[in-house]
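The following dialogue takes up one structure and asks how its features may be read.

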Amino acid sequence: MHPEPHDELRVASFRDLDTTTLYEILKLRSEVFVVEQECPYLDPDGRDAEPGTRHVWFAQGKHVRAYLRILSDHGVERIGRVVTAPDARGAGLAGRLVEEALRVIGNRPAALDAQAHLAGFYARYGFETTGPEFLEDGIPHVPMARLCHGT
């Protein structure tokens, strides 16, 4: 009898990503953001390779099931590209990714642009809306921030 496959949490800088993992990450982001959400845009924006960027994902074997990245943006850690594969939705992976991102960020301030219908999800992790709703690639978003703890 084989054990049930489980999701393994991984964190890496760009230079520590192997080509297969990078391919799987970019494929998932494209499948969801470009194809499923019908937003034709250039997902590889040059920021993935920045020295301060951390990539956080869950994988089963080589299959990337959920992912986010953390960008270092002028003293603020910016969470973005939060995505879950359709076959992995409902398993709580996005929440676990956000928790891990906040662990990586520590006491530094964090920000993100949430799809408006997900603002309540991010609020559970201490994020607050910081400005008016705006359209990005035709999808309503809201800016959100989480201030440093202990300040």
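**Reading the helix, the strands and the rings**

The buried residues of helix H1 pack against strand E2 (54–60), strand E3 and strand E4 (76–84).

Q: Before we proceed, what kind of model is this?

A: It is a predicted model.

Q: Which residues of H1 are buried?

A: The general idea comes from the geometry of the helix. An α-helix has 3.6 residues a turn, so residues three or four places apart point the same way. In this structure, the buried residues of H1 are Thr21, Glu24, Ile25, Leu28, Arg29, Val32 and Phe33. These buried residues are the ones that pack against E2, E3 and E4.

Q: What span should the 18 residues of H1 cover, and how far apart are its end C-alpha atoms?

A: At 1.5 Å a residue, H1 (residues 19–36) should span 26 Å; the end C-alpha atoms lie 24 Å apart, which agrees with that expectation.

Q: Where does H1 bend?

A: The bend is at Ser30 and amounts to about 30°.

Q: What is found at the start of H1?

A: There, a side-chain oxygen of Asp18 comes to within 3.0 Å of the backbone nitrogen of Thr20.

Q: Is Glu38 buried or exposed?

A: Glu38 counts as exposed because its relative accessibility is 66%, and the cut-off for that class is over 50%.

Q: What can be said of His74?

A: His74 is not a glycine, yet it has a positive phi of about 50°. The residue lies in the loop between E3 and E4. His74 is exposed, with a relative accessible area of 83%.

Q: Which residues does Asp73 contact, leaving aside its neighbours within four places in sequence?

A: Asp73 belongs to strand E3 (residues 63–73), and the residues in contact with Asp73 are Arg47 and Arg78. With Arg78, the side chain of Asp73 makes a polar contact of 3.3 Å.

Q: Why does Asp73 count as buried?

A: Its relative accessible area is 18%, and Asp73 is classed as buried because the cut-off is under 20%.

Q: Which strand pairs with E8 over six bridges?

A: That strand is E5 (residues 110–115), which runs antiparallel to E8. Within this pairing, Ala114 has Val142 as its bridge partner in E8.

Q: In what sense do E6 and E7 pair with E8?

A: Strand E6 (residues 128–129) pairs with E8 in the antiparallel sense, over two bridges, and Thr129 stands opposite Met144 in E8. Strand E7 (residues 134–136) also pairs with E8 in the antiparallel sense, over three bridges. The bridge partner of Glu136 in E8 is Ile139.

Q: How many residues lie between E7 and E8?

A: E7 and E8 form a hairpin with two residues between them, and Asp137 in the turn has a positive phi of about 55°. Asp137 and Glu38 are 99 residues apart in sequence, while their C-alpha atoms are 8.9 Å apart in space.

Q: How many aromatic pairs does the structure hold, and how is such a pair described?

A: A pair of aromatic rings is described by the distance of the centres and the angle of the planes. The structure holds three aromatic pairs. One of them is Phe121 with Tyr122, edge-to-face at 4.9 Å centre to centre and 75° between the planes. Another, Tyr122 with Phe127, is edge-to-face at 6.3 Å centre to centre and 80° between the planes.

Q: Which residues form the aromatic cluster?

A: Phe121, Tyr122, Tyr125 and Phe127 form one aromatic cluster. Both Phe121 and Tyr122 are buried, Tyr122 with a relative accessible area of 6%. Phe127 also counts as buried, at 2% relative accessibility.

Methods. Residues numbered from 1 in each chain as written. Predicted model: local features only at pLDDT ≥ 70, side-chain atom pairs only at ≥ 80, totals over all residues. Heavy atoms only, no water. Helix = DSSP H or I, 4+ residues; strand = E, 2+ residues; numbered from the N terminus. Buried < 20%, exposed > 50% of the residue type's maximum accessible area, 1.4 Å probe, protein only. Polar contact = N/O pair within 3.5 Å; in protein donor to acceptor, adjacent residues only side chain to side chain. Contact = heavy atoms within 4.5 Å. Phe/Tyr/Trp six-rings, centres within 6.5 Å; stacked < 30°, edge-to-face > 60°. Pairing = 2+ DSSP bridges. Expected span 1.5 Å × (residues − 1). Bend = angle between axes of the 7 residues up to and from the residue.
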